[in-house]
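Hi everyone, thanks for making time today.

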Amino acid sequence: MRNFSLKEFSCDKRYVIAAIITLICSIICGIVLFKLSNINVYFVNFANDYIFFVFDFNNAKLIIPHLLSELFYLHLFFAIAYFTKFKFLTLIILFCRGIYFSVYVAILFSLNSLGGATVAIIVFIPTAVLSVIFCCLITDSCTIINKKYVFFVPTICALINTLTLLILVNLLFRVIIVIV
């Protein structure tokens with residue numbers, strides 16, 4: 001049981017405060033960029049495809065890109081925090097993720113008014129928030145986990161986030177669609 005003991009875990013308050021400030025600044029920047037700039041056609045096409053695949057319950061075309069991006073980002077956060085002593089460098093990546101998150105949410109809300117807002121609220125925002133939580137958790141706790149298991153933690157977190165996406169799309173979203 002000592003392998004999964006959390007007695008040594010104490011949250012780094014400076015990192016959490018810096019991550020929250022970084023996310024707030026990136027969301028504000030993403031909204032401003034969405035309003036001021038001409039959004040690239042690839043962002044709009046991705047948002048259209050995302051809405052279509054969620055409404056079509058096409059899981060394979062949702063899961064594979066989501067799982068690959070989660071694996072990439074979580075392993076990147078893990079590598080920076082575990083192999084270097086500069087875990088505050090992960091805030092740069094968190095800022096970029098926050099900008100993309102806010103631009104996609106703005107596109108989803110403006111693209112297909114009710115459909116896009118429904119997909120954003122029920123599916124996209126919860127999975128993105130869970131992903132950010134996992135990124136910060138991995139960054140903060142990767143040094144206290146047992147050395148035998150530490151390299152599997154980002155993959156397990158990515159799988160949990162992907163399973164959450166599946167549950168949100170296949171259970172919650174279907175129930176809401178049936179009710180409406």
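Let's begin with confidence, as this is a predicted model. The protein has a mean pLDDT of 87, and 92% of its residues reach 70 or more. Which elements have the lowest and the highest mean pLDDT? The lowest, at 86, belongs to helix α2, residues 41–56, and the highest, at 92, to helix α3, residues 59–83. A word of caution for anyone setting up calculations: where pLDDT is low, the predicted coordinates should not be read in detail.

Now please find T139. This residue sits in helix α5, which covers residues 113–141. Is T139 buried or exposed? Its relative accessibility is 3%, so T139 counts as buried, the cut-off for that being under 20%. As for what surrounds T139, leaving aside residues up to four places away in sequence, the residues it touches are Y15, F77, A81, K87 and T90.

With a relative accessible area of 46%, I20 is partly exposed.

Next, the aromatics. How many aromatic pairs does a search of the whole structure find? The search gives 17. Take F72 and Y73: their ring centres are 5.4 Å apart and their planes meet at 70 degrees, so this pair is edge-to-face; the label applies over 60 degrees. The two partners fall into separate accessibility classes: F72 counts as exposed at 52%, while Y73 counts as partly exposed at 21%. There is also an aromatic cluster to colour in on your own screens, formed by F43, F46, Y50, Y100, F101, Y104 and F124.

My last stop is F151, which is in the loop between α5 and α6, the latter being residues 153–179. At 42% relative accessibility, F151 counts as partly exposed. What does F151 touch, not counting residues up to four places away in sequence? The answer is H75, F78, Y82 and F83. Look at Y82 in particular: F151 and Y82 are 69 residues apart in sequence, and their C-alpha atoms are 9.7 Å apart in space.

Technical notes
Residues numbered from 1 in each chain as written. Predicted model: local features only at pLDDT ≥ 70, side-chain atom pairs only at ≥ 80, totals over all residues. Heavy atoms only, no water. Helix = DSSP H or I, 4+ residues; strand = E, 2+ residues; numbered from the N terminus. Buried < 20%, exposed > 50% of the residue type's maximum accessible area, 1.4 Å probe, protein only. Contact = heavy atoms within 4.5 Å. pLDDT = per-residue confidence, 0-100. Phe/Tyr/Trp six-rings, centres within 6.5 Å; stacked < 30°, edge-to-face > 60°.
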